[in-house]
Amino acid sequence: MRDRVERPPRLGAAVSPISEATWERALDLIAGADEIALACHVSPDGDALGSMLATGFALRSMGKRVVGSFGDRHFAVPRLLRFLPGQDMLVPPEDYPAAPELMMTFDSPSAERLGLIGPSVAAAREVIVVDHHRSNTGFGTVGLVDPGAAATAMLAEQLIHRLGGTLDRDIATCLYAGLVTDTGSFRHSSTTPAAHEMAARLVATGLRTDEIARELWDRSPFGYLKVLAAALDRVELCDELVWTYVTRVDRAAYGLPYSEVEGIIDIVRRTDEAEVAVVLKEDDEGAWQVSTRSKGTADVGALCAAMGGGGHRNAAGFTSHESVDDTIGAFRRLLGKV
């Protein structure tokens, strides 16, 4: 496939930190592998799963055996992403290769964010990391990491292009889901001209962007409204911080899976009086998965990194095993030092 490739358009920031030698090393590893194990972070969003599946399609067209997964204890594709094609590539964590010949990770800043399949990183012969998080720890043996890219999907598209792949409808659907979710439908400050140019290439394949938007943002079960009401009923505004929480009891009352409450942060963060928004969501194991958003003044990526997590300046998260009060108290103390 690579013989057909001309110099690809560069995506992301004005100056990419990824050298041509690094790209060539990644392409050589892919060319020499018979089976490639793909992975993305736990509780995958559109960018993580979309980038992984899009790359999987390209690799399969090269004749590679492909398997993909994410390391959630209760393995299930979030309902909002079940429209994505290529899910026949996915296997539960227990069926994922323990020591892959070549492993590729997507949208994960650390091996720990891969959950149950994280140990495969240390056992793999080679690991290509495809990511755009500034908090990336530098794990893996080859890093296709560009914090200036608006989404990991932008790096996945460039990789597919360099492999000689073409944008068919399936690949474009997966990449578009990644691009629009991580740019907030092109509303976030990370959105670049290159992101809009990529969107144009994807839409030109014949995508029904209205249908994708409906799947991602305009659907929810009735129980979501009840759980949202409970979260908003207990919301608090403290100085420039607005926050609330969702318990697993809240969700259980309506049979609502954890993945359904991810979007509550996007409602809470609209508060005019708040610079930072936080939503704590109790998962099925009793841990608190904490989502944070900033309007630009506070670097929540750095704050969440201090809490053991990570992400971007304006959107990040972490996991807490402490109580709600202790967790939000620790976060507020850090925020007060900014």
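Analyst: Start with a network: salt bridges link R208, D210 and E211. A salt bridge here is a side-chain nitrogen of Lys or Arg within 4 Å of a carboxyl oxygen of Asp or Glu.

User: What kind of model is this, and how is it numbered?

Analyst: It is a predicted model, where local features need pLDDT of at least 70, side-chain atom pairs count only at pLDDT 80 or more, and totals for chains, interfaces and linings use all residues. Residues are numbered from 1 along each chain as its sequence is written, and side-chain values use heavy atoms, with hydrogens and water left out.

User: How many salt bridges does that rule give?

Analyst: The count comes to 15 salt bridges.

User: What does R60 pair with?

Analyst: R60 forms a salt bridge with D88, and the closest N and O atoms are 2.8 Å apart. This pair links distant parts of the chain, 28 residues apart: R60 is in helix α2 (residues 46-61), and D88 is in the loop between β2 (65-70) and β3 (102-106). Helices (H or I, at least four residues) and strands (E, at least two) are DSSP runs, numbered from the N terminus.

User: Are those two ends buried or exposed?

Analyst: R60 is partly exposed, at 33% relative accessible area. D88 is exposed, at 57%. The cut-offs: buried is under 20% relative accessible area, exposed is over 50%, and partly exposed lies in between (1.4 Å probe, protein chains only).

User: What about E260, which residue does its side chain meet?

Analyst: E260 meets R79 in a salt bridge, 2.3 Å from N to O. They sit 181 residues apart, with E260 in the loop between α9 (248-252) and α10 (264-268) and R79 in the loop between β2 and β3. E260 counts as buried because its relative accessibility is 8%.

User: And E282?

Analyst: The E282 side chain meets R248 in a salt bridge (3.2 Å, N to O). E282 belongs to strand β8 (residues 276-282) and R248 to helix α9, 34 residues apart. E282 is buried at 11% relative accessibility. R248 is partly exposed at 36%.

User: Switching topic. Which residues make up the patch of negative charge on the surface?

Analyst: E236, E322, D325 and D326. A patch takes residues with over 30% relative accessible area and no salt bridge; like charges are joined within 9 Å, and nonpolar side chains (Val, Leu, Ile, Met, Phe, Trp, Tyr) within 5 Å. Asp and Glu count as negative, Lys and Arg as positive; His and the chain ends are not counted.

User: Where is D326, and why is it called partly exposed?

Analyst: D326 is in helix α12 (residues 324-336). D326 is called partly exposed because its relative accessible area is 46%.

User: Now α5. How many residues, and what reach?

Analyst: Helix α5 (residues 169-183) has 15 residues and reaches 21 Å from its first C-alpha to its last. That is close to the 21 Å expected at 1.5 Å a residue, where the expected span is 1.5 Å times one less than the number of residues.

User: Mostly covered or open?

Analyst: Mostly covered, with 12 of the 15 residues in α5 buried. Among them are I171, C174, L175, Y176 and L179.

Key:
Areas by Shrake-Rupley, 256 points an atom, 1.4 Å probe, with all protein chains shown as cover. Charge placed at Lys NZ, Arg CZ, Asp CG, Glu CD.
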